[in-house]
Amino acid sequence: MAINVAVIGCGYWGPNLIRNFYENPEVEVSYVCDLMPEKLAKLARRYPTIKLTNSYDEVLKDSKVNAVVIVTPVFTHFKLAKEALLAGKHVLVEKPMCSTSAECHELVALAEEKGLTLMVDHTFVYHGAVRKIKSEIDKGDFGDVVYFDSTRINLGLHQNDVNVVWDLAPHDLATMDYLINSNPVSVHATGASHIGNGIEDIAYLSLTLENGVIAHLNVSWLSPVKIRRILIGGTRKMVVYDDLDPAEKIKIYDKGIKSEEPQTSEGRHERLIQYRIGDMRAPVFDMTEALKAEVEHFVDCIKNKTTPVTDGRAGLRVVKILEAANLSLKTGQPQSLEVAAGKSK
Ligand SMILES: NC(=O)c1ccc[n+]([C@@H]2O[C@H](COP(=O)([O-])OP(=O)(O)OC[C@H]3O[C@@H](n4cnc5c(N)ncnc54)[C@H](O)[C@@H]3O)[C@@H](O)[C@H]2O)c1
């Protein structure tokens, strides 16, 4: 039987989810709900079979609807997701999952209590390139991962409800969470606001993970050029993932260093560093649109009652880091994170 879906919010990102749910053969999209009639009007010609409404109540009261997809501003996620779970609907909610970790905790507990699927749209986790990198890391090809370095900058749309960390860093934090199976223990964030509203439009995050990996994230809405790049260093290999490279998004470098401290003839120890400069390989990967794979996964999890890769706990882990980063931006001090969220995979 088809999963009956309602999509809430059809601003910038919502139409991408509407299209992917609409095209999934196991799904029937019965509603799109938005508070702004002009946003709904744009969909009418393309999706004549979908009911367009501004009443969330109407959606929740419809017993045909099995799942609700929430693509509204961050501050609305908690209320809308909680109401959906209380009404017995499965939920896919946009990143970042909620405005606070307390809200994430509440949703995770509620979904578990009700036996409902709660999933977060951490889109990059479903990207073929990220999945390929994950399989290479898990095979042990990279050796031990030692650093994660990401740059996500452009002349971005200044948001008025969240800063650049909450807007852009969830992509990299969720990718790191998926690729490197370790929780951050501390985060130090610096940033600045340049338009006088106190909302940071440039920020740098430095993190240390439980397993000793260090990470650095550079996020900005104030860059003249667009860069979407993640660099991961392992003891054996290193990878560059450039999402804007049309032909070779992943490049795996057989490069590294080896350090030794042999004894000299005078009995002293001298550190020697050897460089290994090997080949570069650009592997092929599954080019399926990330949202298509994500929608399939959501449907699969509902049908088979399995836990999504990006479940509520993954959403919670990301929000905990965002909260700590905001505190660090305010205080100028590094913030420690208790490692309580736990890995759910
Ligand atoms: N995964 C990604 O790559 C990605 C990309 C962009 C945005 N997002 C996320 O998607 C969400 C929406 O972002 P956006 O850029 O589309 O915002 P947007 O402002 O363009 O659209 C939000 C829409 O939600 C509607 N809305 C607000 N409150 C509502 C309510 N209570 N009921 C029904 N509709 C309501 C608004 O009228 C608007 O049309 C955010 O959480 C954002 O972080 C994710």
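This report describes the sheets, helices, ligand shell and some local backbone features of a predicted model.

## Basis of the description

Because the model is predicted, local features need pLDDT of at least 70 and side-chain atom pairs count only at pLDDT 80 or more, while totals for chains, interfaces and linings use all residues. Residue numbers start from 1 along each chain as its sequence is written.

Helices (H or I, at least four residues) and strands (E, at least two) are DSSP runs, numbered from the N terminus. Two strands pair if DSSP finds at least two bridges between them.

## The parallel sheet

An open sheet of 6 strands has the order β3-β2-β1-β4-β5-β6, and its pairing is parallel. The edges are held by β3 (51-53) and β6 (118-121); each has a single partner strand, so one side of each is left without a neighbour in the sheet. From one strand to the next the twist averages 20°; here axes are lines fitted to C-alpha atoms, for helices over the stretch in contact, and angles run from 0 to 180 degrees between N-to-C directions.

Strand β2 (residues 27-33) is joined to β3 by 3 bridges in the parallel sense, and Val32 has Leu52 of β3 as its bridge partner. Strands β4 and β5 also run parallel, with 4 bridges between them.

How many of the residues of β5 are buried? The count is 5 of the 5, so β5 is largely enclosed by the rest of the structure. A residue is buried if 20 or more other C-beta atoms lie within 10 Å of its own, exposed if 12 or fewer, and partly exposed in between, with C-beta atoms placed from the backbone. In a regular strand the side chains alternate between the two faces of the sheet. In β5, His90, Leu92 and Glu94 point one way, Val91 and Val93 point the other way, and all are buried.

The loop between β5 (90-94) and α5 (101-114) contains Pro96. The peptide bond from Lys95 to Pro96 is cis, with omega near -20°. Most residues other than glycine have a negative phi, and most peptide bonds are trans.

## The mixed sheet

A second open sheet has 9 strands in the order β14-β13-β12-β11-β7-β10-β9-β8-β15, with mixed pairing. At its edges stand β14 (272-281) and β15 (335-336), each with a single partner strand, so one side of each is left without a neighbour in the sheet.

Strands β11 and β12 pair in the antiparallel sense over 5 bridges, and a hairpin of 3 residues joins them. Leu231 stands opposite Val240 in β12. Strand β12 (residues 238-242) also pairs with β13 (residues 250-260), again antiparallel, over 4 bridges. Across this pair, Met238 faces Tyr253 in β13, and Tyr241 faces Ile250 in β13.

## Helices across the sheets

Helix α8 lies across β1 (3-8), β2, β4 (67-70), β5 and β6, at about 175° to β6. Helix α7 (residues 164-179) lies across β7, β8, β9, β10 and β11, running at about 150° to β10. Contact between two residues means that their C-beta atoms, placed from the backbone, lie within 7 Å.

Helix α9 (residues 312-331) lies across β8, β9 and β15, at about 50° to β8. From its first C-alpha to its last, this helix of 20 residues reaches 28 Å, close to the 28 Å expected at 1.5 Å a residue; the expected span is 1.5 Å times one less than the number of residues. Of the 20 residues of α9, 17 are buried, so the helix is largely enclosed by the rest of the structure. Gly332 follows α9 and has a positive phi, near 80°.

Lys305 is in the loop between α8 (290-304) and α9. Its phi is positive, about 50°, although Lys305 is not a glycine. Lys305 counts as exposed, with 9 C-beta neighbours inside 10 Å.

Arg19 belongs to helix α1 (residues 14-23). With 18 C-beta neighbours inside 10 Å, Arg19 counts as partly exposed. The C-alpha atoms of Arg19 and Arg46 are separated by 9.8 Å, and the two residues are 27 residues apart along the chain.

## Around the ligand

The ligand is surrounded by 22 residues, of which Gly9, Gly11, Tyr12, Trp13 and Glu94 are the closest. A residue is near a molecule if its C-beta atom, placed from the backbone, lies within 6 Å of it.

By class, this shell has 11 nonpolar, 6 polar and 5 charged residues. Ala, Val, Leu, Ile, Met, Phe, Trp, Tyr, Cys and Pro count as nonpolar, Asp, Glu, Lys and Arg as charged, and the others, Gly among them, as polar.
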